[in-house]
Amino acid sequence: MRRSHVTTVSLLVALALTACTNAKDVLEPSAITPPAASAQPAPATQGSAAATVPAPAPSTAATATTTAGAPAPITSAQAAAILAKTRLQIAPIVGASVEAATPLTAELQTRARQRGITLAGSQDQTATHVLKGYFSAMTEGKDTTVIYVWDVYDPSGNRLHRINGQMKAPSTGSRDSAGADSWKSVSPATMQAIADQTIDQFAAFLSGKAS
């Protein structure tokens with residue numbers, strides 16, 4: 001009888017320990033988490049993290065990439081500040097006659113001041129840019145075409161930009177009969193118009209470079 005009673009008590013203790021162990025397993029978070037392979041995402045509820053972080057639409061992501069890669073447009077105030085810091089040195093004009101180069105140079109200076117650009121003298125070591133011009137004139141019939149090329153350099157002699165173009169000038173009637181000197185038929189107004197275009201394009205280059 002005593003042995004049977006001991007056996008019964010032992011069985012009861014073993015069952016109690018087993019029950020405690022099983023209860024502990026059920027309460028462990030890992031015991032109620034389904035396997036990763038068979039897990040299904042829980043439906044989003046109000047206030048949950050999934051509900052507050054929606055996946056971005058493809059079109060929105062593409063637009064954001066394009067916008068981020070585009071340079072920010074420069075404002076008029078920024079452009080004015082850039083021009084105000086510029087000190088432009090104009091090198092001697094190559095190819096044009098003295099009579100044609102005189103109104104050109106004078107108008108370059110006037111237009112530069114109008115755009116807020118400071119001109120530097122030929123010996124000024126503080127120039128930020130140097131403008132070198134090359135000109136030629138060709139006459140056909142009663143019209144003369146002025147062809148020009150401007151190279152913009154930094155103080156170290158590195159070319160930064162090129163401005164080029166051409167302008168047709170009606171004959172002034174002063175060209176000799178043989179047409180040996182086409183520059184005599186180019187009016188000062190034509191050279192002044194070229195100067196205005198040159199400074200305007202130079203200012204546009206400076207503004208675009210900053211963006």
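1. Accessible areas here come from the Shrake-Rupley method with a 1.4 Å probe, and for residues only the protein chains shown count as cover. On that basis the accessible surface of the chain comes to about 13,900 Å², of which 59% belongs to carbon and sulfur atoms. Of the 211 residues, 26% count as buried, where buried means under 20% relative accessible area, exposed over 50% and partly exposed in between (1.4 Å probe, protein chains only).

2. The model is predicted: local features need pLDDT of at least 70, side-chain atom pairs count only at pLDDT 80 or more, and totals for chains, interfaces and linings use all residues. Residues are numbered from 1 along each chain as its sequence is written, and side-chain values use heavy atoms, with hydrogens and water left out.

3. The chain contains 7 helices and 5 strands, taken as DSSP runs numbered from the N terminus (helices: H or I, at least four residues; strands: E, at least two). From the N terminus on, the order of elements is α-α-α-α-α-β-α-β-β-β-β-α. Among contacts (heavy atoms within 4.5 Å) with a separation of 6 or more, 62% are between residues 24 or more positions apart.

4. The structure holds 6 salt bridges, each defined as a side-chain nitrogen of Lys or Arg within 4 Å of a carboxyl oxygen of Asp or Glu. One of them joins the side chains of Arg111 and Asp196 (4.0 Å, N to O). Arg111 lies in helix H6 (residues 98-114) and Asp196 in helix H7, so this pair ties together parts that are 85 residues apart in sequence. Arg111 also forms a salt bridge with Asp200, with the closest N and O atoms 2.9 Å apart. Because Asp200 lies in helix H7 and Arg111 in helix H6, this pair ties together parts that are 89 residues apart in sequence. Both ends of the Arg111 and Asp200 pair are partly exposed, Arg111 at 23% relative accessibility and Asp200 at 24%.

5. A further salt bridge links Arg162 and Asp151, whose closest N and O atoms are 2.7 Å apart. Arg162 lies in strand S5 (residues 159-170) and Asp151 in strand S4, so the pair ties together parts that are 11 residues apart in sequence. Arg162 is partly exposed, with a relative accessible area of 41%, whereas Asp151 counts as buried at 3% relative accessibility. Beyond its neighbours within four places in sequence, Asp151 is in contact with residues including Val130, Lys132, Tyr134 and His161.

6. A search of the whole structure finds 3 aromatic pairs. Rings of Phe, Tyr and Trp (its six-membered ring) pair if their centres lie within 6.5 Å; planes under 30 degrees apart count as stacked, over 60 as edge-to-face and the rest as tilted. Phe135 and Trp150 form an edge-to-face pair, 5.4 Å centre to centre with 85° between the planes. This pair links distant parts of the chain, with Phe135 in strand S3 (residues 129-140) and Trp150 in strand S4 (residues 143-153), 15 residues apart. Phe135 counts as buried at 7% relative accessibility, as does Trp150 at 0%. The rings of Phe202 and Phe205 have their centres 6.4 Å apart and their planes at 40°, so that pair is tilted. Both phenylalanines lie in helix H7, 3 residues apart, about one turn of the helix, and both are buried.
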